[in-house]
Amino acid sequence: MKWARTILPPVIVGVLFIALWQLIVTAGRIAPFILPAPSEIWEELVAQRQNVWEAAVSSGENALIGLFFGALSGVLLAMAASRFKALDDVSLPFAAILNALPIIALAPILNNMFESTSSIPRRLVAGIIAFFPVFINTLRGLREVDPIHRELMHTYAASGWTFATKVRLPSALPYVFTGLRQASSLAVIAAVVAEYFGGLQTGLGSRITSAAAFTAYPRAWAYVVGACLLGLVFYLATLALERLAMPWRKRLI
Amino acid sequence: MSDAVVVDKVTKVFNQGRPDEVVALSDVDLVVPSGSLISLIGPSGCGKSTLLRLIGDLITPTSGTVSVAGKDADTARRQQEYGIAFQQAGLFEWRTVVRNVELPLELRGMSRADRRSRALEMLSLVGLSDFAGHYPAQLSGGMQQRVAIARALAVQPPLLLMDEPFGALDEMTRERLQSELLGICAKTGTSTVFVTHSISEAVFLSNRVVVMSPRPGRIVTAVDVDLPVRDDTVRQSEKYFEYVTAVRRALRGVPQKSPL
């Protein structure tokens with residue numbers, strides 16, 4: 001019952017929303033190039049399911065690889081920055097500049113730096129975008145150690161290494177996952193949008209642009225739905241990982 | 001047998017030589033005989049927590065010496081000669097209750113099986129055997145504080161340092177934990193230095209109540225408490241109230257930070 005109570009309301013709202021959309025488009029005779037009806041999008045999605053799936057796997061792979069390396073370097077650099085004061089002073093402004101860059105705008109430049117068959121540019125964009133939220137949140141978490149924990153470890157005569165592994169890292173975990181959650185959605189967006197700017201055309205992004213270029217709007221929307229689902233999968237996977245990594249946390253959001 | 005703690009002419013000055021210099025403790029002497037429970041009481045800012053931290057080597061004295069179990073404070077800390085508990089339980093939320101109690105043992109290099117059995121023994125001492133597998137967030141404040149006490153006792157230290165450990169608890173939980181603490185100390189023969197704001201708590205627990213005054217922090221007087229038994233009936237007894245009055249009188253002579 002409790003399960004039904006949390007699942008049902010959003011499902012009902014979603015169904016109502018789609019029904020309303022369908023009604024407005026058919027009753028209002030809205031041209032399909034402005035907004036196709038959900039039924040048309042669904043038909044395209046079913047007809048193109050193999051292509052949508054393959055494009056989603058390709059984009060998903062790029063996003064995953066980018067996310068993995070971006071998050072890994074975010075965590076490692078944050079650990080180094082929290083350990084060495086000098087690195088801390090230097091790294092924060094650089095990270096802020098990196099974040100302020102419209103990284104998507106780097107995509108065409110990166111595409112020219114590598115061969116046209118290379119997957120590296122898209123993964124690089126996803127990685128750079130995933131890096132920042134993970135780095136910033138992890139650094140904050142590593143800095144915020146409960147003073148009582150610090151004193152306790154001092155009374156146990158614990159070494160710096162013991163303190164880092166037994167206290168500093170686990171207490172930073174919630175922050176790491178806050179960063180990861182943001183990064184996982186951003187990585188998918190980056191992997192999809194990076195394809196708008198050329199490079200290897202195997203993912204959802206290029207399918208959306210080419211369908212739109214051929215005025216096949218329902219098909220473009222079908223790929224957008226695929227991108228939504230991919231983003232959702234990444235987000236939910238991160239949540240599941242968070243729950244596995246932190247069994248002591250009851251509520252996640 | 002040597003005394004559990006000897007504090008000899010200790011002065012502590014914070015921010016020495018700067019405009020915000022504070023003399024937290026001035027020329028303090030304190031002896032805690034083995035097996036006894038000493039309370040430090042006084043208004044905020046009288047340096048009672050500072051004195052406790054000096055004994056625990058969390059800070060070092062500006063002048064004077066502190067010895068614990070016959071060793072200097074630094075050596076005593078490194079050899080885990082004392083356990084400590086604060087007003088906040090300070091449990092590690094990512095560790096289960098039993099693994100919280102195990103931590104000091106783990107850092108001592110005790111084997112997995114040994115530390116598990118010791119931790120479970122400590123948890124049964126504070127009446128929390130059934131909660132070994134829970135996470136701290138699943139426990140009430142009083143239970144968390146009992147876990148913190150079990151953790152402080154885990155290495156079976158000869159000395160227990162407590163900084164207002166029951167300060168954040170409700171009156172009923174507080175009285176129950178006071179009785180439990182006395183039982184544990186009697187059973188294990190642990191000496192205790194106990195910092196508190198509460199006169200009744202100090203009298204109920206202690207062999208000796210040390211009254212302190214602020215600016216600069218120093219010891220005004222000490223009231224020796226000699227109660228025949230320490231159970232809930234003694235809280236109603238004539239003698240108990242006499243001691244409470246004596247401590248209150250000693251505190252009255254102390255300038256208060258804000259008159260109530």
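**The sheet of chain B**

Modeller: Seven bridges join strand 1 (residues 5-14) of chain B to strand 2 of chain B, and the two run antiparallel. Keep in mind that this is a predicted model. One pair to find by eye is B:Val13, which stands opposite B:Val23 in strand 2 of chain B.

Now step back to the whole sheet. Four strands of chain B form an open sheet, in the order 2-1-4-5. The pairing is antiparallel. Strand 2 (22-32) and strand 5 (71-72) of chain B stand at the edges. Each has a single partner strand, so one side of each is left without a neighbour in the sheet. In general, strands of a sheet pair through backbone hydrogen bonds.

Next, look at what covers these strands. Helix 1 (residues 48-55) of chain B lies across strand 1, strand 2 and strand 4 (63-68) of chain B. Helix 1 of chain B runs at about 120° to strand 1 of chain B.

Then turn to the other chain. The contact between the chains takes 16 residues from chain B and 15 residues from chain A. On the side of chain B that touches chain A, helix 2 (73-78) and helix 3 (97-107) of chain B each supply at least two residues. By class, that side of chain B has nine nonpolar, four polar and three charged residues.

Last, a helix pair in chain A. Helix 3 (residues 49-83) and helix 8 (residues 160-193) of chain A pack at an angle of about 145°, with their axes 8 Å apart. The crossing of helix 3 and helix 8 of chain A is right-handed. Their contact has twelve nonpolar, seven polar and no charged residues.

Methods:
Residues numbered from 1 in each chain as written. Chains lettered and ligands numbered in written order. Predicted model: local features only at pLDDT ≥ 70, side-chain atom pairs only at ≥ 80, totals over all residues. Pairing = 2+ DSSP bridges. Contact = placed C-beta atoms within 7 Å. Axes fitted to C-alpha atoms, helices over the stretch in contact; angles between N-to-C directions. Nonpolar A, V, L, I, M, F, W, Y, C, P; charged D, E, K, R; others polar. Left-handed = near helix turned anticlockwise from the far one by under 90°.
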